[in-house]
Amino acid sequence: MEEKNPSPVEQRYQDKKELRKDQEDGPAPRNIKQIDPETLGITWTDDKESVYPVRMLRESCPCAHCIDEWTGQKRINPGDIPDTIRPLKIKAVGLYALQFDWNDGHSTGLYPYALLRKLEGKEPL
Amino acid sequence: MTEQEIQTSVMAALKTVMDPDLHKNIVDLGFIKNMKIEGGSVAFDVELTTPACPVKEQLKTECQDKVGAIAGVSNVSVNMTASVRSTEHSQPVLTTVKNIIAVASGKGGVGKSTVTVNLACALSLTGAKVGIMDGDIYGPSIPKMLGIPITPPKGGENNKIFPHEKYGMKVISAGFLTEEGQPLMLRGPMLGGIIQQFLQNVEWGELDYLVIDLPPGTGDVQLTLTQKAPLSGGVIVTTPQEISLIDAEKGVKMFQQVKVPVLGVVENMSWFQTDESDKKYFIFGQGGGQKLANQFDAPMLGQIPIIPKIVEAGDSGQPITITDPDSPAGLAYRSLAEKVAAQISINQFNKEDKIDSGFELAWEG
């Protein structure tokens, strides 16, 4: 019998489950720095070095405005976020996540460390 | 031997005294202070990282014996002191508080508040400066358990609030913010607001340990605290029964997901015991707390019996750890305090090099 494709809600459930698992025992940033005006760099406690285009990070905002909480459907489409997007400030949330104040006025997304690890290597839309 | 030679031998001898929790000798740990040698008399302080050190007496005896055995030493005087270290952070709240302990459980009714109060009392008994924050906004029970009358806290300039004081501890609770017996009816965002007030505006003064009694569950208060307060670690309270473990497990996972170190598990209501006999009745089953600790590779911090005296003590506002510190329950709580304090010290020494909760980066260009 053919395996049925998971529904968006099922897929969302799976994704969240994996993220939670990674968050529980995953690494944390040891150092966070600006590499150039468009790139963020993170060195992790497991020595891995990651680089992130900031536009990709803005496009990947996990907040409920940017992703449908129920279906996981993205509400940001290619081209929605301009090349001029920059963070103004990046700050830690407790011991588990980063929050970005963006120059488009958005700031509601919390990026848990496991999500940042997952976004490693991802390119802007 | 010259005094210089004696000093060299004394330091060499003390280098063989190991702290069993931190796995280093007490010289390299920087515990030895104020060494004085006059003729054959040797005197020094051993400055521990917490007055609640579980091996204080053992370390003192070992120092005395080892130094006393050195040729030329006729008299040894070891003075045990403590200077509690801070959990480092750069967040602009609670800057005068060295360590913050959150007491949580997934489930209500497992005795979180009783454990919080008695843990705080036991830490305070060792000489540490202790505060209690009652984070249970809807059902504050700390004032009653400590016998503090419901009166509004005194205010100061810049919206400062002065905590109540009882048994040498500073106490803040939402119970003080309304008339006795009146419910606080608030929606979630207001809850977060009160917790923010507790974090920002309370004049705690210098504290070694602030113990926070969390409400049951994994909601607004827990999230606000894990995001805004530089927690040193969390303690999970459970009863031995399976149904309590389901929710306690969620409490542990909550701490793991927000990366707050789990200091360990406390099993409350472990058994019932009468005053007349040592026989233990395991009315809620056995081994639940240990099972939870094993599952998460977390320390098992202690088992607290269920005895009528604990309940009476709580209802009369006189915690059993204060009124009867040598009773089985009092001893259990004092041992719990030692283990919690030791675990915090251990975590501070093994701290990973990573960004702290006050990290901020301003983007340029």
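Mentor: Happy to! A residue is called buried if 20 or more other C-beta atoms lie within 10 Å of its own, exposed if 12 or fewer, and partly exposed in between, with C-beta atoms placed from the backbone. Helices (H or I, at least four residues) and strands (E, at least two) are DSSP runs, numbered from the N terminus. Please keep in mind that this is a predicted model, where local features need pLDDT of at least 70, side-chain atom pairs count only at pLDDT 80 or more, and totals for chains, interfaces and linings use all residues. Residues are numbered from 1 along each chain as its sequence is written, while chains are lettered from A and ligands numbered from 1 in the order in which they are written.

Let us look at helix 9 of chain B, residues 308–316, where B:I310, B:A313 and B:G314 are buried. Viewed down the axis of helix 9 of chain B, these buried residues fall within an arc of 95 degrees (taken from the directions from the helix axis to the C-beta atoms), so they line one face of the helix. The other side of helix 9 of chain B has B:P308, B:E312, B:D315 and B:S316, which are exposed.

What lies over the buried residues? The cover includes helix 3 (112–125), helix 4 (142–146), helix 10 (320–323) and helix 11 (328–349) of chain B. Just after helix 9 of chain B comes B:G317, with a positive phi of about 80 degrees.

Notes
Contact = placed C-beta atoms within 7 Å.
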